[in-house]
Amino acid sequence: MALTFFRGIKTCPLVHYPSAYFARKNGFFYCTTGSTETQFATQEKQQSGDSKVVPKTYRKSPDKLLKDYEAIIGIETHVQLNTSTKAFCGCPYSYGAQPNTSICPVCMGLPGALPVLNSKVVEYAVKLGLALNCKLSMDSKFDRKQYFYPDLPKAYQISQFDVPIAIGGYIDIDLPVEFGGGHRKFGITRVHMEEDAGKLLHTGTGNYSQVDLNRAGVPLLEIVSEPDMRTGIEAAEYAAELQRVVRYLGVSNGNMQEGSLRCDVNISIRPIGQQEFGTKVEIKNLNSFSSVSRAIDFEISRQVQLHSQGQADQIVQETRLWEEGAQKTITMRKKEGLSDYRYFPEPDIPGVTLSEEYVDGIRSSLPELPEIKRRRYENMGLSMQDVLFLANDINVAEFFDATIANAADVKLAANWIMGDIAAYMKNEKLSISEIKLTPLELGELIASIKGGTISGKIGKEILFELMAKGGTVQGLIKEKDLVQIVDRSEIEKMVDKVLADNPEQLKQYRGGKTKLQGYFAGQVMKASKGKANPKLLNQILLEKLNTET
Amino acid sequence: MLSSIQNPRLLRLSTLHQIPLRCLQTSTTPVPTPSSPQPTSQILRIRKSLLSRETTAVEIAKTFLSRLRRTEPQLKSFLYVSPEDGVLKQAEEIDRRIQNNEELGPLAGVLAGVKDNICTSDMPSTAGSKILENYTPPYDATAVKKLRENGAIIVGKTNLDEFGMGSTTEASGYQVTANPWDLSRVPGGSSGGSAAAVSAQQCAVSLGTDTGGSVRQPASFCGVVGLKPTYGRVSRYGLVAYASSLDVIGCLGSSVADTGIVLQAVSGHDKFDATSSKQGIPNFASQFIPKDYLDSKPLKGLRVGVIRETLVDGVDPDVISSLQRSVSHLEDLGCTISEVSFPSFSLGLPAYYILASSESSSNLARYDGVRFGNQVFADELSTLYGDSRAEGFGSEVKLRILMGTYALSAGYYDAYYKRAQQVRTLVQKSFRAALEENDVLISPAAPSVAYKIGEKKNDPLAMYAGDIMTVNVNLAGLPALVLPCGFVEEGSSVLPVGLQMIGAAFDEESLLKIGHIFEQTLQGLLELL
């Protein structure tokens, strides 16, 4: 591959920011927009310092002023599909591979090479279209979107223009409890298939740039929302729900840091009551849900401030970049009218025709989607907080579902997963599929505690052993002789011994220092190696402490 | 005027074999060979002589190569000629296989020329453009791969109008090819190099490409047979795109049978071309019945429609009379002739130029100087694009890119591109209707015989008008065969006239059968006159 030497390329430093910052100011990110995967767990800790960064203007803008305006927000999302090969050739794609190691004449756009559609792309598009409640176009087609840029080898992107594969759907979300909760339904304008471009690698000196075409031709689905969102939180939740949906469907890893899920936000404001829309501004470089939320909040206050100061004309149609460091948006390029992409039907790819059988087949293979799952969990009597946590990550949800499938107590299973298990995953930087504990054993553990075979305390010990090393609850109980002592006489013996061994304390207790009961209980529990049934122990202890007076 | 020559094609062949090329300009008395008056399949002849050990593949290759060397300085049909040792090595391998009685591909020992807009991994593929100067692709086009698999030896890359845009080879970025019948005349285009090379027997057969007539019109001008298959019959993978929805790889040969045998070799679905058809491929060779086995009315019952709109003002009277004589000949062969009216016929030309230009403006956008080909050093990205393209493209290409870009622009799309697509649908419907009532349609292949080099160079509209006979066929995606049907005396030159036969989609079989019989019985026609 040629190194390309040209100076002065006007580039957008998109996707070059190393990673998204994760502000902890919104606890909800933990339960919904974050994942229970490692990256999240670690970042949350690191970035907690950022939580106090509040956009300057935001602070200046009195809430009163903001209340006079409403923001109109729409989002264009690009989701990179995890098909084993690219959209139009047989090259595999793996993020982070050596530049130009996964390319061929087709994705390099060499003369004479032709695109051949990967049928998986259609399948995934139909999946997402159905999951987003869209109407499918049974006869759709591809078009060429034409523009020159060095990362676009053919100088046109194969995309869909006037007949996208899916149109007119919606997505349901539940706002986090911390933000007042509530259910929202946002419209989906369209879903269409297209190919990704390559990447430009800029040298430090700026004398030349290099082109990496590994990503060129990787399949994307572009999802365009209706301008239905009004706040940064709503927008971030919309994006998070999309991520959940693509992960549930298994069509993409939805990873924002790697650029597998990219959001461009369109935003305008208008005084409440006004019918016409304000001037639309596009924001790019949003690498996390929290940056989506914060960038929008910043942009709303920027626009409101301009508008309220009679400078509405300074809100111009442009593309702005979110600067994570400065926590503000800056102008990237002003739009000089509407760019003309000279779309026309792609003559190299025949039309895409879907049959009813094909669509029905895909429909029947769809997994339970996040919204349905949440409603089911809610009906089980779980709190919204629990519901959002469990349904957030498909792997966690599947773990939970498998646990309760073994007739485990729903509430207990939720608590274990959200409590000790989540904490362990966070500390060890593991995902739920990486820990050694199986849902079957968690169910067993819950049942053993509930049935009184082991105490809760021992259950906790076993849990850590199960997560770290695996094994079965029964095996561990047997191996370590952990069965709870429920034999009254056995406990009585131990109580008697402890009382006999501590005459001084007994005297003090009987002299009125009744809080020594805890001391005695601890001693007995210690003597039983933690196996004594605590309820029974306390009952017997109290009896003995008091009756012998 | 039809010349007095009984079978001019024999003259051409014998002349080139024996007399220096310039003698063509002062046509001498022909030396017909009575034993073999009709064009016969060179491919079959080569195969027969190889299998009978009459000659060797090396001998055959040497004969072609020496003729190529002798004629090339005047003809300039090739942009690249394979090194002799490489060609001979491939021929030796074929001889070795014959010695060992190993299986031979149907094209074993056949020297083939390949139009330079078809990718070859071992030879430059410039598409006749300076922007791809010295560019050698990393892969073989599917058609080239199939030629090789069938035993053909690629002798070189033939000249063309840049990216196939032109009708004379004058728009080549490198050289102008001369017409072997008259060196002062154009060979037609854009596959002018491929047609001239076969006509002058620099190679036995060649591949061309046909977007609006680029195989058929040069076949007509050079007096060879040109076959444009149905769109989708031959994979386009490795064909440097001009207008993707119209481009087809076609075959040129000195007999109908040769084009059929080459078509057989290169046809078929290709997983690398989504527009290639899965339609079954018949055995085309079974159509080539020797003349002696034909009865008196071999085409009895065949319905032939003559497209009325192709025999009107603006068409050379000599061409019209040649066509009329062909019609009588077909009648003699037993065909039923009727006239077909084609009201949308003249709309095809502007529609074609809008669609082809639009697609080309997109297809040629990738030549931006960034990844391959000509790159001009520049300080700014836009300058790099602009300068590389300004320097690399010729004026005809620029003209069409501009037209296409304009036609696709917002605000003009509906008026141009969309309307042209509507015309295309209309043309398709007209053909379908006409081909329901007729087995084949016939017309001249071009409104004139070969014209002088430079004659239409500064009059693009006149040159575009020359495509009137052929473009509709591309819009409809149908197969068409062009073969010599007569000769015209122009001053001291004798120039061939081509007859075009248009068939139903994927019915190359009928075209080859009719064309073969027509060709084998042509002598009778000429004798009559």
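Select chain A and chain B together and display the surface between them: about 3300 Å² is buried there, of which carbon and sulfur atoms give 58%. Buried area is the accessible area (1.4 Å probe) that two parts lose on being put together, summed over both. The model is a predicted one, in which local features need pLDDT of at least 70 and side-chain atom pairs count only at pLDDT 80 or more, while totals for chains, interfaces and linings use all residues. Residues are numbered from 1 along each chain as its sequence is written, chains are lettered from A and ligands numbered from 1 in the order in which they are written, and side-chain values use heavy atoms, with hydrogens and water left out.

Next, select the residues that touch across this interface. Here 39 residues of chain A are in contact with 45 residues of chain B, contact meaning heavy atoms within 4.5 Å.

Which residue of chain B forms a salt bridge with A:Asp348? The partner is B:Arg236, with the closest N and O atoms 2.9 Å apart. A salt bridge is a side-chain nitrogen of Lys or Arg within 4 Å of a carboxyl oxygen of Asp or Glu.

Helices (H or I, at least four residues) and strands (E, at least two) are DSSP runs, numbered from the N terminus.

Remain in chain A and select residues 398–545, where UniProt places the feature "domain: Asn/Gln amidotransferase" (unreviewed entry). UniProt positions are given in the numbering used here, feature names are shortened, and annotations may be inferred rather than shown by experiment. This span is 72% helix and 0% strand, and its end C-alpha atoms lie 49 Å apart.

Now select A:Glu371 and A:Arg375, whose side chains meet in a salt bridge (2.7 Å, N to O). The two residues are separated by about one helical turn because they are four residues apart in helix 9 (residues 370–379) of chain A.

Move on to A:Gln327, in the loop between strand 13 (318–323) and strand 14 (328–334) of chain A. Although A:Gln327 is not a glycine, its phi is positive, at about 60°.

Turn to chain B, which comes to 17 helices and eleven strands. Its C-alpha trace spans about 70 × 55 × 45 Å along its principal axes. Select residues 59–512 of chain B, where UniProt places the feature "domain: Amidase" (unreviewed entry). That span is 37% helix and 15% strand.

Finish at B:Ser190, in the loop between strand 3 (153–158) and helix 6 (192–199) of chain B. A cis peptide bond joins B:Gly189 and B:Ser190, with omega about 10°. For comparison, most peptide bonds are trans.
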